[in-house]
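Hi everyone, thanks for making time this morning.

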Amino acid sequence: MNVNLLLITLIIFSCIFFNKISFRFGIPTLFVFILLGMAFGSDGFARISFDNFALSETVCSVALIFIMFYGGFGTNWKMARPVARQSILLSTAGVFLTALFLGLFLYLLIRREFWLCFLTGSALASTDAASVFSVLRSQKLDLKENTASILELESGSNDPMAYMLTLVCLSFLTGEADAGSILRLLTAQIVFGISIGALCGLLSYRILKSVSFEVDGFDV
């Protein structure tokens, strides 16, 4: 028990320390965390063996929720609003075309089943929001013509399209797909997803506007 507490403490302090270092030298924080994971993992010096994939999925999903919330919370809506159309087009049609072209390339290259290649393209088509936010905000690239706002909004809204494409591919691969089920799936994801997301966003906005945060922290 004491060893586990010591390792957890060491990991937390390492994350805090290297986060400061990466921000100062312009290194993406996500890349540093990947290196830390390799160092503490089963092949690193700590030899932490972890094979509970269900727990990993849950932890990563919760972390993704916080990442997306932080990205949306820190996005300047006045700068994002003029480029919303371009960003949404990139996060929908752009993701679909990327997945399609990558899937076709893999299909022609390795000659495997098309839906399997399309599944690989769907998994790789969306950009990682955490990486984009980290690079754009730590590097201070000063991109022209609101490019940074387009990339931030696109990276924070492209996961639903990639998620739906992945579900469609898995449905075809498992033989459970037909035109009606695919249409119902996409309709439910789009209608309920947008409705619930908008409702939660509105409630969060109302709650946060009525709460005053006056807590001094250690982050300087």
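Let's begin with a pair of side chains: asparagine 158 and glutamate 154 are joined by a polar contact of 3.0 Å. Keep in mind that this is a predicted model. Asparagine 158 lies in the loop between helix 8 (147-155) and helix 9 (159-173). So is asparagine 158 buried or exposed? Its relative accessible area is 0%, so it counts as buried. Setting aside residues up to four places away in sequence, asparagine 158 touches Ser91, Val95, Ser126 and Thr127.

One of those names, Val95, takes us to the largest nonpolar core. Ten residues make up this core: Val95, Ala99, Phe118, Leu119, Ala125, Met161, Ala162, Met164, Leu165 and Cys169. Helix 5 (84-110), helix 6 (114-125) and helix 9 each contribute at least two residues to the core. And which helix gives the most? That would be helix 9, with five residues. As a bit of background, nonpolar side chains in soluble globular proteins tend to be buried together.

Now follow methionine 164, one of the core residues. Beyond its neighbours within four places in sequence, methionine 164 is in contact with Leu186, Gln189 and Ile190.

Ile190 brings us out to the surface, where it forms a nonpolar patch with Val191, Phe192, Ile194 and Ile196. Together these residues have about 500 Å² of accessible area. Phenylalanine 192 sits in helix 10 (residues 179-209). Its relative accessibility is 53%, and that is why phenylalanine 192 counts as exposed.

Definitions and conventions
Residues are numbered from 1 along each chain as its sequence is written. This is a predicted model: local features need pLDDT of at least 70, side-chain atom pairs count only at pLDDT 80 or more; totals for chains, interfaces and linings use all residues. Side-chain values use heavy atoms; hydrogens and water are left out. Patches are made of residues with over 30% relative accessible area and no salt bridge: like charges are joined within 9 Å, nonpolar side chains (Val, Leu, Ile, Met, Phe, Trp, Tyr) within 5 Å. Accessible areas come from the Shrake-Rupley method with a 1.4 Å probe; for residues, only the protein chains shown count as cover. A salt bridge is a side-chain nitrogen of Lys or Arg within 4 Å of a carboxyl oxygen of Asp or Glu. Helices (H or I, at least four residues) and strands (E, at least two) are DSSP runs, numbered from the N terminus. Buried means under 20% relative accessible area, exposed over 50%, partly exposed in between (1.4 Å probe, protein chains only). A polar contact is a pair of N or O atoms within 3.5 Å; within protein, one must be able to donate a hydrogen and the other to accept it, and residues adjacent in sequence count only if both atoms are side-chain atoms. Contact means heavy atoms within 4.5 Å. A nonpolar core is a set of buried Ala, Val, Leu, Ile, Met, Phe, Trp, Tyr and Cys residues joined through side-chain atoms within 4.5 Å.
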